[in-house]
Structures are given as C-alpha cells and as structure tokens.
Amino acid sequence: MDLTTRYLGLELEHPVVASAGPLSQTLAGVEALAEGGASAIVLYSLFEEQLRAEVARDEQLIEVQSNAFAEALDYFPTAPITTKSAAYSYLSLIERSVKAVDVPIIASLNGADLGGWVEFSREAADAGASAIELNIYLVPGDVMMTGDLVEKRHLEIVSAVSDAVSIPVSVKLSPYFSSVGNVALQLVDAGAAGLVMFNRFLNPDVDIETLNTDAEFELSTPQEGRLPRTWIASLRNHTTASLAGSSGVESSDDVVKYLLSGADVVMTTAALIRHGRSYSRELVGGLQSWMVRKGFVSLGQVRGMLAVPPVWEGETVRRGGYVSAIQAAKARYGAL
Amino acid sequence: MTDTATKPELRQIIDGNEAAASVAFRLNELCSIYPITPSSTMAELADEWAARGRTNVFGVRPTVIEMQSEGGAAGALHGALQGGAMSTTFTASQGLLLMIPNMYKIAGELTSTVFHVAARSIAAQGLSIFGDHQDVMAVRQTGFALLGSASVQEAHDFAAVAQLATLRSRVPFLHFFDGFRTSHELNTLDMLSDDDLRALVPEELIREHRSRALSPEHPYIRGTAQNPDTYFQSRETVNPFYDKVPGIVTEAMDQFAELTGRRYDLVEYHGDPEADRVIVIMGSAAQTVIQAVDHLNGHGNKVGVLQVRLYRPFPVEAILAALPESATKVAVMDRTKEPGAGGEPLFLDVTSALAEAVASGRRASLPRVIGGRYGLSSKEFTPGMVVGVFDELAKPSPRPRFTVGINDDVSMTSLDYPGWLDVESPETVRAVFYGIGSDGTVGANKNTIKILGHREGTYAQGYFVYDSKKSGSRTVSHLRFGPKPITAPYLINAAGFIGVHHWSILERVDVLRYAREGTVVLVNAPYPPDELFGRLPRGMQERLIELNCELWTIDANAVARAAGMGNRTNTVLQTCFFAISKVLPRDDAIEQVKQSIRDTYGRRGAEVVAKNEAAVDAAVAHLHRVEVPEAPASEVGMIAPVPAHAPEFVRDVTSVMLLDQGDSLPVSALPVDGTYPSGTTQYEKRNISDIIAVWDEDACIQCGNCAFVCPHSVLRAKYYPDTALEGAPATFQSADLNAAGLPGAKYTLQVYAEDCTGCGLCVEVCPVKVTDSGGRKAINLAPVLERDDARENIGFFETIAVNNRARVDFGTVRGVQYLEPLFEFSGACSGCGETPYLKLLSQLFGGRATIANATGCSSIYGGNLPTTPWSSNRYGRGPAWSNSLFEDNAEFGLGLRLAADLHERLARERLEQMRAEIGDDGLVDGILDNDQLYESDLSAQFRAVEELKFVLDGLEGPRAADLRSVADHLMRRSVWIVGGDGWAYDIGSGGLDHVLASGRNVNVLVLDTEVYSNTGGQASKATPMGAVAKFASGGKETLSKDLAMQAIAYGNVYVARIAMGADPQQTLKAFREAEAYDGPSLILAYSHCIAHGIDMAKGLDQQYLAVNSGHWPLMRFNPVLRMQGRNPFLLDSPRPRFPLRAYHDNELRFRMLKSTDPEGAERMVEYGQMQVNRRWADYEQMSNRTAAEFAADAKES
C-alpha cells in the first residue's frame, strides 16, 4: 500500500506529521517523535519578538544590581547574552535533530519584524532545516489594526522570507480573515509553498485560585477539525501548494477526514500528548486499516475525494449544505 | 567554544584582581578556590576562563575546583601539589587564616606554589571587607615567602615573578596586594604575553616540581610523625632553601626586567641619596610616599622612602644596602595592628636588622627608628599624612609609636598632618561622580575609562567607593586620566569635574568636598536651569561662589524618559561629562560615546542603538550652563542625617558616619569592644524610592499578607478603639476593623513611607483586585507625594498602643500583622526574599531571642554600620544579635544555648535555695512551674521575673546577687542560629551537623538563596543542577544537597522546608513548631534572590512556582508527632502541577545555560525533572509511613 505523500516538496513516508508544540522542545523529544512514527517533525516555534524581549530583560536583570555593593559588583559570570546566543539553543536543536533522526525537520518561526523573520529563516536553513513554517500569529486585541493591514503584513513576511531562503516555506495561518481562501491564495502567490490550517488562538482561562488569567493552552478537540477541513476542501482544487490539516486530530478517523478533504499531510500535537509520542504509528495503522477496508491502495486515491470541485456552483451548493445541516440538526435536537 | 591561549592586547585597563589572576591562570594547572571578598574576582575569572576552554601557556586547560571553605581549598591544593600539579589559590582575610594549617605543611615540605592574596582586615571588634595587611601578617610565620605588590601593574608582574621564584627555590610564595585599593582599582597596565610567561618559567622547573610528586612507581612517605629526637633538626633542614630565596627573587626580577624592561628589586630606595629621614613601607602606600618624597625634596628636604617588596624571608642584606647611612631617623609603617606587641612586625624586623648591623659593626650608627600604623581597613593614606610622618621624624624626640590618618584622643598615638597636599601632575584630569547603586553611574564610568584609556598616550585610573547598603546605596567614582602612568593610590581630593547624578545626594552630603578652584560641577536636577542655583543648599552655594566653580545642569531623568530609556540616565550623564569636562574635543567625545553605544547595544538591534544615540544628542541639547551669582541666595540647609530626638550615640556618632564623615570620628567616640546600640535604622530615613506602597483602606480585607511579606517592615498594622482617632491628622487612613468580637474597632495599615523601597512584593501578594480599576489592588505602588504628611501620619500611628500580644492570634497570618517587628528598615536589596523570615522571627520571638548570625547577606544587612535593623520593643526587650564568623555559626549559637541553659539552671537552683528569703512561695512556684508555652504564660513569667528582681534588689548577700545576675534566664530564651546556604551547606556544614546532633534546643534558620549571595553569586551545594553561577559558569552539574533529609535521619531534629510565597500559613506554623520544640530545629527557608536573575517584584510568584513544580516541596518533620505515635513527616505542598522547566524558564540563572550550552541545559532539566519526580515519590512514601518507621529520639526510650 502506498501511503507516501509530498509536502513542501518533501517526500514523506506517510501523511502523519508532528506539529509545532512542546513535544519537540528537546532532542529527546524529537527522537521520540521520530521513533513514534511521525513522517516529519515541525519543531516548536521560535518567537523572535519574545527572544529580543528576553535578551533585553536578561541584560536588564544583570545590570539592575550591578556596581551597587562593594562585595558583589555583579551576580553572574560574564557570559555574553545576545539574540544570536538566545536563538543558539533553537538552531542547535535543529542541527542536532537533523543529525539524530531520518525524517525531515521543519523549523517553525514566529517573528515580530521583517528583519527578524529573514535573519532567523536564513539561520534555520543554514542549521539544516528541510523547510520553514512561518507561524504568523498576531495577537488579537489590537482593535485599531485594520484587516487590510493584517493581510498586508502576512504577505510582506512570506515574500521576504521565501526570497531569502532556498528551502520551501509554509505559512500557518489564522482562520479569522474575512476571506480566508483568498488570503491563502495570495500567500501562495507571495511565495508560500504550503499552507497549514490553522493556527489556534490563545484563549486564556481564569484561575480562581491565583485570581489570575491562565494563559495555558488547551489541547485541541476533534470538533476543531471541521473548520480547517472545510477550508482545505475549498482550496484543494484552487492551488498546487501543499495543504496541511492541523487541529482536532484525535483518531485515525480524523486523519482520514483531512485527507478526504484534500490535505497532503495531517499534523497533530494534541493526540501525541494525550496518547504518547508513538501514537503517530497508531494513526497511520488506523489509516491503513481504513484504506484496506475501503479498498484503496494509494493515498492519491483518497486525497481530495471530498474537496470542492474546481468548477463548481459553489455558493448554491455550500448554501445547500448549510440548509441540510440545519435540517439534520432539527431532526436530532428538535426545533432550533 | 574554545579560546586557545592567545596573545592578549598588551596595553589593557583592568583591576588588580584580574591582573594577578591572568598570570596565575596561565601558569597553573589547578585553581582550588573559595569565595571571599575582595579576592573572589580572581577565582571567578579563573572559573570563567576554564569554562570557556581557555588554556594555560603550556596548552593545558586548568582545572578549577570550588571547595567548601578556604580550609578545604588549602587541603585540596596541598593534595594537588603532592600529586605534582602546578596549583594555586586566591584568598584573603579569614580565608587565609583558615589556610594556615596547610600553609605550614606546604612550606614544611618545600612545595612550590603561589597563593594570591587581596590583603584584607581581620574580623576583630567588627568585620571589615576592606584592605590592610593583618591577614598577611598573620601568616608570616608559616614558612611562606611573602611578596607584596604596590600597584595593578605589579600585581600582574609579581604573580609571574613569584611563580618563577617558587619553582626555583621550592619555597612556597604568598603574593599579596592591597584589598580594594589595588584589587579593585582599574588602571592601565602592560600585559605579559603567553610568550613572555613561557620565556620566564621554563618547563624543566615544572617537570622538577612534578618529579617530587607522590607516586606508587617510586613510593616513599611524606608527612611522618616525628619525635623529640629528630623534629627539631628536621625543622632546621630547610634553612639553606630560605637563605637562597632573596637571591632567587632578585634573579627572577632581573630576568623579568630583561624580558619586559620593567625593573624591580627586593627593596627599593627612592629619594635623596643623603636623606636624613626615611620611611620604610610596603604595599600600595609606597607609591603615595614616593610622590610625597619627590614633593618634599623639591622643597629643600632630604627625605627618602624604602619600599619593601619581599617581606619573607626578610631581606636583611638588601635593606641594609638600600638604606642610606645618612638616615638618622626612620619611620617604619605597618598596615596592621598587633595589640600588646612591642611594635608591629615590619617595624620589629627593620629595627632588629639595624640593631644587629650596628652591633656587628656593619653599620656605623643606629638611626632612631619609630613605628607607626596607618591605613587599616582601607583608611585613606594621603601625601599629607606622609608629610605628617616626616614632620614627626624631624622633631628632636619623635614619638616611638604612632598612628596616622585617625584622631586617637585616647592613647594619643595619632600624628597631626596637613589636611591636603596636592602632589599630582597638573596634567592629570581628575573627576568625581556621585551616583546611586545600580543607576548605571559606575558602569558608565568604567566605560568612560575604557574610552579614554584606550586612546594612544592616555593612562587611566578608576576607583569606586560604595556605601554599606545593598539597596539605594551611594556610590562615589574617582576617575583620573593623564599622559603619564597614574600612581595615586588614594582618593581624589581636588577634582576638576564633579558630577552629581541625583539631587537627593547633594541634600545629604557635602558633594563639593572634592572641589577646587574652578571645578566644573554638573548637577542632574528636576528643576529648570534658572531655578537651579536657588534650590541648592546654602553651603553648596557658598562653596560654588568661593571656588569660582562652573555650574552645569540637566534634567537627565526627563531626557532619558523622553528618549524612551526609562530611568536609565547613564548614557545622558556620561555624554554631559564628555561635553563639558574638556577631556576631549566635544565632537570627538560625542562620537566616542556613540561608538561605545554601538559596541554595547549593537546586539540588541538597530532600534536600541538609535534610541541611545538620540539620547546622546538630546543630552547635549538639554545641557545648560548656570550662571553662579556673586552671593548665596538660599536659606535651605542640608537634610539632617538623623532626627533631633535620636539617642545621643546616634546623634553624636552614627550621624557623622551618615554624613560620610566617619573618618573624622575620634577613637574616644567609638565603643571599646564592638558593642553598638540596637535599632538605629529607624533614625535613618533614606527615602530611596520615588514610588512607594499606598494603602487603599476601602478595598483592603485586612488579611495581613502584605505586612507578612514586606521585606523592609514598612507596613505596620494596628487595631484600636475609634476613640484613639481623636486628633488624627486629616490624611491619616483608617477603616472599620474587619473582625468579629470588636465592634466599633478601627484598623490602620500604616506605610512607613520614608523607609519603603518600592519593591512591590506587597502588591504582588495582595489577594484583592479592585473591580474596574485596571488591575489595582488594595495596596499599590504610587509616586511619593507629600513626605511631610507621611511623617505626621506615622507620628500619630506610633501614639496608638501596640496591640497586646496575648490577645492576638499567632496562628494566622492575619493575626501576626499585629505583632511588632523588631527587625526593620534593613539595607537589604529591595524586595529581598530573606528578610521577611527574619522579621517574622522577630515578631514571634524577638523579645526573648538571642541570634547567632553567620557571615553573609544577613550579617551585612543585619549588622553593617552605620545603622542596624535589629531593634527593641517598648519594654526595651529585643533580639540580642551577634556575628562570630562564617564557618562557626552553628557552634557559636550552640555556645549561646549552653550558656543560657547553664544560667537558667543556676537561676532555678538559686531560686529554690532562696525560697525562704524571698518569702513568697507563690512567686517562686509560679516562676519555676511556668512552662512558658503560650504568650499569656510568657507575659506572666515576665511580670513574675520583674517582681523577683525587685525583691532581690532588696536582699543582700552573694546568693541574692548571684540570682539577680542570672534572673533574666528564667524567661525562656529562644536561641536562633541564622545564616545562608553558603554557611549551612558548605563552610559551616560540619558544625551545623554536629549542633543538630547535639540534641540541644537551638533553632536553625537557613535563609536559602541556593547561592552565595553576599559575595556575588557563587555556587554552593544548595545551588540546583543546571543553574549558572559563578564557580559554575558551565552550569552546576550536580544535584543540590537534601539537607532536610540529612537532618531527618537523626530522628530528633525538627525540620521544615518552607517558602513564604507559596504558603505563608505553613511558614508560620513551622516557625512556631520549631521554636516550641525542645530540641534542635532546622528551618530551610526558600529565599528568592537577586542572584537568581528574576524581577524581584515577582519573587513570591517564583516561590510559588518553586514549590508547585516540585523544586522546593514544602514539608515538616516533627519529632513530637513521632513521640505521639503519629507519622512525623508531613508533606505540606500539593503534588507538582508545573513541570520543572516552567520554574527554570523564569530565572536567568537557568536560562543562561540554554544560551551557552542548550544541549547541557536540556539534559539537566530532564534529569532534574526525574530527580524531582523521584524525590516527590520518596516524600509521598514517607508521608504515608507509620511512626515506627522513623528513627526514634533516644530520649523516648
């Protein structure tokens, strides 16, 4: 059975990829993900803005009490702290991971300004990353920023980075554009070799013990797969760029659903956290069983089967789908 | 990263410590180290260089090993030397004293090594970190050769000379230079290259050293026990080796001169060859004498100075040869004190050398030799003082023994001398800057020295003076620049430029004491230029006029803020210095500053560089010259250092120290035995913060958390009847008491505004969030408004009665807020994690506590003059506090306990014996039967003992007097042994273990910052794995010691691990249980610290993370429970809910490793997590055991 797939020009053994997340923060974690069967690994995101802020903060922490007391003119050895050395940790992880595992390593970058994006992308490429995933994550809350500006910023970044590096560049984008599909296509035009759908926004909870907001991420749930699948299905036949489904993968059924919608690969962190790093293998096994059961012999036969056809009376059908969904819901739950 | 031994830039500006360490590291294979001020920097550099892979000149990367004490360092060094390794160490003061036993051994075995010592005072009546020769003189008998350097250059050069000489002679060397004066002075020097060092120290000498090592290939024994028949002769075998040392050192110096062109000798005479008066002296002061001698000889005198460089073996021949026959009067100056001796050591040595020479006919006549002391504890030694000594020598009958530099009105030893004598080259630019610690002034000045000192043909010197507080301390920078090498080891007295970087400084001290005619004065002021002069204190105005000073001003804070740099005024003020001091043409100077900005901030990005450069331009634009009028125009005086109602000692003595005029205090003003009055911080209102805590009485729920955690005791709570509000000032804050049972009662949380450091811990801990307030709490930080109002309110608050201890619920944090703190307003770092525990101790037990305090942060903020924080209550009772040493604190505290037990027993026996005479069985029985467990018992006992003393005062006879002398011991005394982890885990570990094993009723409080905080962040055995610290530059690779489990193993030790920020209630419980337990108790208190690299305002959050990540699980082990058949092990914290990584990521000490060794950091955090899990599992298992599964207290059986 042929489970191979192409993602960002990379030949992958199968479509289950470990997405950017806490499991890939260490070499041991990366090794476990590869061992567990992931066909590619996106490393955790390097936040360039945060990195700069941390450098400034660390320098300030060193300065704050220096030269103030005769016995202790400083409190730390004089190791140079620079953004370069702060990123060193990440670049070193890329290098070590590339050496340690056979599957492609994709660097995930989150930048604040153009300079930062380009510089770190180059460094990540030099460190041996097979591709770069741009995690363009603009924190919601700036009510003054126009939608137009947000889109423009995305395009600028993608264009600058893909010009700067020779390895493929993908974009992990937000589902909250007023026209997601159009933005996605513009990003491909700007140089993106692939689209990862979608980024999840921070939804802070409230901790009633500490009386603070709790910024901790909740793992995604299977329901969250519906939105990305809808957009993947819509885009599949409008672009040749790679499409990755992210969010809401819990079982091999979810993997199948993504593939049917048109995804080239399916990414998950939540399932691997919940079930262990070797769960990739089980997801692939489930996919295989399903294909056997259904009589498919290659992924090509599955991929995009339920994607929206290229020439399509789209709105009518989509509207029709919506109406039937309402009707089904009525049948199940009573009048809405 | 690997630095191979590279040729350093030959001309550098570094301090004496680095100068010495640079050579020591490059010529040795092993550095055995332990931190002690002022030598720590040498060890720190060695550790850093080794961690970076730097090699010595022979291609070997030296091993740097931190030991548990200097005794340990000397032991390891001795072993390494016997193993054949080229080994060295760096130390000072008490550290050197701890090495003495090994020094005898090393010398007795004729072993080549060099110890590098930043010479420092010895703790006697008080500790001092500053420089003199007391430590060096205390080892002159060990058999080490002593070689003294007088400058930064010499500290570098003699490190090499000593190394060569020790290898050639086999006699070990101690190379010393003056602590702080040389060790911390920045000066221009010519470095020795690796090639120079290789040329100087031939490898065959190293191989000879190795060949003498112990080896099973050619076994022998060394270190035998010897008997009366041979010990004496054996001791004499070494004489020929010592006889050769002066020649070998001379030879080494000659060889050095050939190589470098810098010529030295064992002793050097400078001055008139026919001098009639000569001073003999060692160390940096020789440079001062040389300057004064040149000046005097230029004015028709015939004087000279004999500088002694090799002190042991004493170079008699060289001294006799160098001292002119013409000298009829000689003053030998010792920078040490030997009470009871016929004279100080150098004086005695010189005298005996001369006497023998005359007696044997080698010298025609014996000059009159007098001996003097100078410069103890870095006391200034100036050219004027030298003149005073020569003037004394000129008298027909000079004083045989004298002191200079002080006013000794008790023994009348001190000489008069001219106030100031300017002997410096007029080409030397001299500048003095006043700053506040951590404001960047010193850092900017160090940068200025580098900018100017690296210019062709310019020499630079920098010396920095700090006051005794860790927060808001005043710094004074002394900078010199000139076309010739600068040899002036004393403070600037006549500055061409004076920068006053904070307005508050000129209100408190005379900033123009260093001014001269025409000095350029820059004042950073929040006032417009046309108002500036009028706002200056009148005295300052008068001096400005009198000296025709050029006055400039800038509102640097406003400029910095506008440039987006917050409160960092250093770039702005540094620019002003360059713009108006004329050290360089203005445009050139400004460009230099900008280049320096690009070098420093380039890595932070173009935006930061641009911001700083904009600040430079803005500084120039906002700098204004102020016209100095012809007459003063102000009636404003300086702020009085202490209030008029302060006690006499504080008014007469402490206040002088606060004015920076302590040098003027005569001997008679000071206590004879180091005993000082308690509680003097209350008189020093430092006003160090522009933002302070402000209480919102409407929102407050009166929980007491803020007062509990306040590190500076500036939040005080009282409840009181509403009638007490009569006459309250209009702005006095009050609320209804939020407690049942006291209707109509009022509550006030008073902020001691002038003492608040603005640390923000109170805000962090406040549980209230005021709705719709944008995050406001019931206590908030706000800019200081009216200090007068605050003073009035505090005055009123103090008229309200302190709450009765017997009516306060000690069992709750809410209740503790009403207990009076007897530890207040210390100079600890703002937001200190240690001091809240000490304050709590003082609140709970202060009235009957005796405290033994190990040397460290707590002994410094607890006992560093001028003002100290341990205070007393309205009955005059309070903690009695003392610091013995670093290493012996547990033993010292045990001694206090033993004495208290003895005297309590004596008192009880005498009381029983005097029952009839006292005639009141109720009183006697009441005292003897009171077990004093509760506050009500204690107050009853207090009253009864007072009554007993009254009765005894009316009785006669020795028994009554005897009982009277120990009657206070009838109050249950609470003995506390307090110190940091450096003491408890390392240097005092053996003693602490023994004291815990003694079964005696002592309470040990370890303020555990997991690092040597006081000396600047060196690793201790409490330092967690993966943390970067000095001496663990590559990240600590071993786990911290579980001291709690060690103590628990005894079975009869009460043990608690606490963290106030995670669970204040558990903290409180632990203190009370520990104190109540009749046996040894150990409390390990997590103390967040500046050395962790955290935002100190978030220290309590970090404590919470430490506990809830499992890094610092809270527990108690209470043997009382074991005795009751219950499980004594109580696990007080919940199962970890955060990964260890979450705790690590918040602290720079862990983050640093991620940026230098990510792989190592990763490995360590993973391994650390495993250890956390394992330990947690162990603890959980212990918390489920039965009583019988724990060791029993022998007293039970």
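Okay, some housekeeping. Residues are numbered from 1 along each chain as its sequence is written, and chains are lettered from A and ligands numbered from 1 in the order in which they are written. Since the model is predicted, local features need pLDDT of at least 70 and side-chain atom pairs count only at pLDDT 80 or more, while totals for chains, interfaces and linings use all residues.

Let's start where the chains meet. On chain A, 35 residues are in contact with 38 residues of chain B; contact means that the C-beta atoms, placed from the backbone, lie within 7 Å. Helices H1 (27-35), H2 (48-64) and H3 (83-100) of chain A each supply at least two residues of the side that touches chain B. Helices here are DSSP runs (H or I, at least four residues), strands are runs of E of at least two, and both are numbered from the N terminus. Which helix gives the most to that side of chain A? That's H3(A), with eight residues.

Now a helix pair inside chain B. The axes of H20 (570-580) and H21 (586-601) of chain B come within 8 Å and cross at roughly 155 degrees. Those axes are lines fitted to C-alpha atoms, for helices over the stretch in contact, and angles run from 0 to 180 degrees between N-to-C directions. So H20(B) is roughly antiparallel to H21(B), a label for angles over 145 degrees. H20(B) brings B:Thr571, B:Gln574, B:Thr575, B:Phe578 and B:Ala579 to the contact, and among the H21(B) residues there are B:Arg586 and B:Ile590.

Next, the peptide bonds. From A:Met197 to A:Phe198 the bond is cis, with omega near 0 degrees, and A:Phe198 is in the loop between strands E8 (194-197) and E9 (205-207) of chain A. Another cis bond joins B:Thr37 and B:Pro38; B:Pro38 is in the loop between strand E2 (30-33) and helix H2 (40-51) of chain B.

Last, backbone angles. B:Ser377 isn't a glycine, yet its phi is positive, near 55 degrees. B:Asp660 isn't a glycine either, and has a positive phi of about 65 degrees. Are they buried or exposed? B:Ser377 is partly exposed, with 18 other C-beta atoms within 10 Å, whereas B:Asp660 is buried, with 20. The cut-offs, with C-beta atoms placed from the backbone, are 20 or more others within 10 Å for buried, 12 or fewer for exposed, and partly exposed in between.

Key:
Two residues are in contact if their C-beta atoms, placed from the backbone, lie within 7 Å. Angles under 35 degrees count as roughly parallel, over 145 as roughly antiparallel, 65 to 115 as roughly perpendicular and the rest as oblique.
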